[in-house]
Amino acid sequence: MTQSTEQPADRPVPTSADVARLAGVSRATVSYVLNNTSAVRISDPTRRKVREAAERLGYVPHAAARSLRAGHTRIVLLPTAHIPVGPLYSHFFNELQWALRRLDYTVVQYGSLGLDGDGAARAWAELRPVAVVSLGEIVLTPHGVEVLKRSGAKAVITVGPGRVEGAHALVMDQSGIGGRAVAHLIARGCRRIGVVMPGEPGLELFSGPRLAGARAAAEVEAGAGVRIVPLPLTYEEDSAAALAARWRTLGLDAVFAFSDEYAMLLMRALQDEGISIPAETAVIGSDDLLLGRLLRPRLSTVRIDMVTGQWLADLVDRAVRDPGADPKRYDLLDSRVVHRESS
């Protein structure tokens with residue numbers, strides 16, 4: 001017996017006309033219901049009939065066709081080269097995406113490795129987003145912002161250390177985090193202070209300004225002979241153990257470990273080498289993670305008070321609704337030291 005190799009014909013793609021026939025309504029009503037149009041009053045029973053018909057047929061609206069009719073998409077583009085790691089920032093970006101979805105935007109993360117500046121802006125513009133939230137690693141130019149707006153973007157928002165002409169700017173003062181950590185260590189009597197510089201890609205956006213802030217805090221106490229020593233470290237036990245093994249040769253009496261996660265990694269390695277904390281080395285991190293409070297000694301930290309993802313989503317929505325408004329600067333975070341036993 002032979003078996004037929006013929007494949008069944010592809011099932012036809014359901015259309016809004018099919019949904020309208022099954023639900024017993026007009027195509028316009030189908031469009032109003034499935035596009036969540038609030039300007040037209042439609043009864044709840046009719047909405048249910050349309051949605052049930054669409055689900056039964058497996059119909060979903062054609063985003064590209066809808067965009068052509070509207071002149072723009074509902075896409076909010078989040079370009080990503082390297083997403084910042086850590087629970088604090090992960091929570092912020094997750095909350096942002098949920099909040100944008102509740103506002104009926106489609107969030108698209110665009111892998112942007114290998115792109116920079118104006119080239120990145122042109123690539124993003126191809127998707128015709130209604131808004132772009134640039135997370136800072138790719139530095140937009142005023143020309144890039146103009147390219148995005150000419151392609152239909154009603155809002156361009158940058159997250160980073162400075163402003164770009166034409167874009168709303170959410171400024172992250174990372175230098176203040178490093179400055180407050182080192183000022184705290186200096187006040188505790190420390191004079192030879194290491195600053196952890198993570199080796200993971202994408203964290204330079206954070207670690208560079210934090211080191212600059214640490215050095216600025218040391219310069220304020222120039223007469224006290226404070227020395228700042230950058231310490232490369234990857235988030236691996238072997239890397240931390242290697243650094244701890246040569247710790248006493250470095251002559252350091254304190255360390256700002258970039259974040260609580262790196263601080264906990266390094267603390268464990270230092271303790272394994274018999275180095276007492278804080279008697280021999282004071283340690284401070286940042287982010288104020290719960291786990292840091294459970295350590296012994298409890299971890300000193302820089303608490304970062306960020307705006308919420310909902311706040312940023314609301315800003316995106318306001319900017320989309322009022323594209324002619326003058327771009328503004330907003331401070332995304334503030335910080336303060338929480339002193340515990342490790343320092």
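This is a predicted model: local features need pLDDT of at least 70, side-chain atom pairs count only at pLDDT 80 or more; totals for chains, interfaces and linings use all residues.
Residues are numbered from 1 along each chain as its sequence is written, and side-chain values use heavy atoms, with hydrogens and water left out.

So, back to that pair. Strand 5, residues 168–171, runs parallel to strand 11, with three bridges between the two. When I say strand, I mean a DSSP run of E of at least two residues, and a helix is a run of H or I of at least four, both numbered from the N terminus. Two strands pair if DSSP finds at least two bridges between them.

Zooming out, we get an open sheet of six strands, ordered 2-1-3-4-5-11, with parallel pairing. At its edges sit strand 2 (106–111) and strand 11 (329–331), and each pairs on one side only. On average, neighbouring strands here are turned by 20 degrees against each other, direction ignored. Helix 14, residues 309–321, packs on this sheet and touches several strands, including strand 1 (75–80) and strand 4 (155–160). The direction of helix 14 makes about 150 degrees with that of strand 4. Contact means heavy atoms within 4.5 Å. For the angles, axes are lines fitted to C-alpha atoms, for helices over the stretch in contact, and values run from 0 to 180 degrees between N-to-C directions.

In what order do its six strands come? They go 7-6-8-9-10-12, again as an open sheet, and the pairing is mixed. Strand 7 (227–233) and strand 12 (333–338) each have a single partner strand, so one side of each has no neighbour in the sheet. The twist from one strand to the next averages 20 degrees. Inside this sheet, strand 6 (192–198) and strand 8 (254–256) run parallel and are joined by three bridges; V195 has F256 as its bridge partner in strand 8. Helix 8, residues 174–187, packs on the sheet, at about 15 degrees to strand 12. Helix 12, residues 260–272, lies across strands including strand 9, and runs at about 150 degrees to strand 9.

Last stop: V60, in the loop between helix 3 (44–57) and helix 4 (63–70). Is V60 buried or exposed? Exposed, because its relative accessibility is 60%, and the cut-offs are under 20% for buried, over 50% for exposed and partly exposed in between, with a 1.4 Å probe and protein chains only. The C-alpha atoms of V60 and S16 are 8.5 Å apart, while the two residues are 44 residues apart along the chain.
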